[in-house]
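My entries follow in the order in which I made them.

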Amino acid sequence: METSARASAKLGKTKGNRRARPVVATLILLGGTIALLLAIGLSISFGAADISLKTVWSAVFHFNPDLTAHQIIRDIRMPRVLGAAMVGACFAVSGAIMQGMTRNPLADSGLLGLNAGATFMLAVCFAFFPGLSYIYLILFSFIGAGLGAGLVYGTGSLAKGGLTPMRLVLAGAAVSALLAALSEGVALYFQIGQDLAFWYAGGVSGTRWLNLQIMSPWIILAMIGAILLSRSITLLSLGDEVALGLGQSTKAIKFCGIIIVLILAGSAVSVVGAVGFVGLIVPHVTRFLVGHDYRWIIPCSIILGSLLVVLADLCARMVNPPFETPIGALIALLGVPFFLYIARKGGKAI
Amino acid sequence: MNKSMNRSAEQKKRNLHHRFVLIVLSILIVVAFIISMNTGLVRLSPVEVIQTLFGFGTEKQSLVLFEFRLPRIILAVLVGMSLAISGCILQSISGNSLADPGILGINAGAGLTVVLFISLFPGNVATSVYLLPILAFGGAGITAFLIYILAYKRHEGISPTRLLLTGVAVSAGISAAMIVLTLRLNPDKYQFVATWLAGSIWGSNWAFVLSLLPWLLILIPFVFSKAQVLNVLSLGDSMATGLGTTIERERGFLLVAAVGLAGASVSVSGGIGFVGLIGPHLARQLVGSRHQFLIPTSALVGGLLVIVADAIGRWILQPSEIPTGIVVAVIGAPYFLYLLSRSKA
């Protein structure tokens, strides 16, 4: 506690905006939660069958199985919206942890090959073990995310200059191209292309209670882990030497951090597919708002990430009804300019 | 006197070596052609191929050879050549050894316009075969312009890594748009577009060869005539200005040529990435960096690569086919990673 306070005080001297802003953070947590609940309510009420917010309220708190509206809400819309919220939180926190641990402003599970790895594993599962239950799919998805991350970091760190952000992004692009080519090959050969296409594109429409039940223990554990690690991540974000000097065992922290990232990204991909850029945008915005203390960044990222994906899903249904625009594509429209902006700043954002 | 004679003798020896490399590559392409004929569902042995070529084959053999296999193989070679030359130009004018029309997003831009066209004007694709290269050229050109503008920074110009990062981002944006488009298509068309996007030499008829050929006949001699300029440009901006080259203008012309080559080949073959990366790199290992030899060697290496990838794609999972682009990506992506791990920050 004291050490991190000292560290942030030291940083505060060098750069004004690095100082943590607990007041802003508390406001975000409160206001964000309210906004998130509102967005969830709106998202549930919007759809092919018109349902008022009042009905949504009564369906949640006084469920009546005889009403169709209540059943639609319970069986289709609620899991979908809760899935969107969870997935947003997952991508955002995994991005925040990666950015903090590796001091790489361009870290994001989509850019660094995790999503492509998980998608590849899903393609393999669909092709070779059709009808595999979701309990196992999610495990394969973790493994896939690990495969992608391992390839990217492995080749990135082979180079002489070490892991520069640019090099990691390029390695990520190449590994993603490789894994995407392999999964496309599998998909074309087994004629499961269009089934998988929604996974590439990203969408929450397929979320069922079963998925949420299976993924939520993983996610809750990983989130608790992330919050417990947050203080150490702040120190790591100051550089390995600083963290070591302050008595942190950097290797153990990094290992735990990687496991958390793989669980978060893997379970998110197993539900919505390869949605990129959430893990890039949200931590940057959060850091800009609340300063550089990860004890605030991670909880705020959970809220803002959920909010972003819930809103994106709402927009995806509103843009061109009755068709759904893939949320992955919508978020990419936001994410690409953001990425360009960060890349232009030359990676000095952290 | 003696020294200069020595040098010219050395020069002659080097030229001889380079010619030798070119001849060997051409022979390899012919060998790959024969092997490729002998793989797949319908096989023709080398003897049958030669017989059929000279008009002594059965009707079925000549149908297979002239209507299906030959256009496809010629297309593979042409596409490989133009992508490799395009990559070679991009690498030299940007001073970036990892540049490639696929990684920079130029292929994606060309692909987007083609998919847009296919989804807006359903109808017979064959009638529009001559239009597609022009559309693809337009898409590729707009994308290249966009990337150039976005990567440009005042007082600093264009740094190689920023160029690549911008390309990665722009192609991510374009693929997002493409996904939105393809999901709207009906399943039949989807399968077609997906196969095409993955990079397959789908135009198994002469019309595609004919639509690609004029582009190559104009652009390749143009690039050859600029070999000396490319030599100077690849020395770096300050050196090039010192030697009296009007950098920006020459660079602009060459960029247009690179975009045209990439766009035209994308319009017939879909997104085949990494050829523009591998071709010039291997060629540089073989003949060094003088463009008079580098360009033809890259072209031949690129052609060889695509013809071999096409054969592998047909052979590996018989009776179904793997799109050539996938095979090339599986070979090319690790190669890119290898180059990346050797590059300096």
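I began with helix 3 (residues 59-94) of chain B and helix 12 of chain B, whose axes lie 7 Å apart and pack at an angle of about 75°. For this I took helices as DSSP runs of H or I of at least four residues and strands as runs of E of at least two, numbered from the N terminus. Axes are lines fitted to C-alpha atoms, for helices over the stretch in contact, and angles run from 0 to 180 degrees between N-to-C directions. The two helices, helix 3 of chain B and helix 12 of chain B, are therefore roughly perpendicular (under 35 degrees is roughly parallel, over 145 roughly antiparallel, 65 to 115 roughly perpendicular, the rest oblique).

I then listed the residues in this contact (C-beta atoms, placed from the backbone, within 7 Å). Helix 3 of chain B contributes residues including Gly80(B), Leu83(B) and Gln91(B), and helix 12 of chain B contributes residues including Val275(B) and Pro280(B). Ala, Val, Leu, Ile, Met, Phe, Trp, Tyr, Cys and Pro count as nonpolar, Asp, Glu, Lys and Arg as charged, and the others, Gly among them, as polar.

A note on conventions: this is a predicted model, in which local features need pLDDT of at least 70 and side-chain atom pairs count only at pLDDT 80 or more, while totals for chains, interfaces and linings use all residues. Residues are numbered from 1 along each chain as its sequence is written, and chains are lettered from A and ligands numbered from 1 in the order in which they are written.

Next I looked up Phe274(B), in the loop between helix 11 (247-269) and helix 12 (275-287) of chain B. Its phi is near 70°, a positive value in a residue other than glycine. Is Phe274(B) buried or exposed? Phe274(B) is buried, with 30 C-beta neighbours inside 10 Å (buried is 20 or more other C-beta atoms within 10 Å, exposed 12 or fewer, partly exposed in between, with C-beta atoms placed from the backbone).

In chain A I looked up Phe277(A), in the loop between helix 11 (250-272) and helix 12. Phi of Phe277(A) is near 75°, again positive in a residue other than glycine. Phe277(A) is buried, with 26 other C-beta atoms within 10 Å.

I checked helix 12 (residues 278-290) and helix 13 (residues 294-318) of chain A, whose axes come within 9 Å and cross at roughly 130°. That makes helix 12 of chain A oblique to helix 13 of chain A. Their contact includes Val278(A) and Arg287(A) of helix 12 of chain A, and Trp296(A) and Leu304(A) of helix 13 of chain A. I noted 11 nonpolar, three polar and one charged residue there.

For chain A as a whole I found 14 helices and zero strands. Of its 350 residues, 54% count as buried.

Between the chains, I found 39 residues of chain A and 43 residues of chain B in contact. Helix 7 of chain A gives the most to the side of chain A that touches chain B, with 16 residues. That side has 27 nonpolar, eight polar and four charged residues.

Last, I looked up confidence. The predictor gives the complex an ipTM of 0.76 and a pTM of 0.80.

Definitions and conventions
Two residues are in contact if their C-beta atoms, placed from the backbone, lie within 7 Å.
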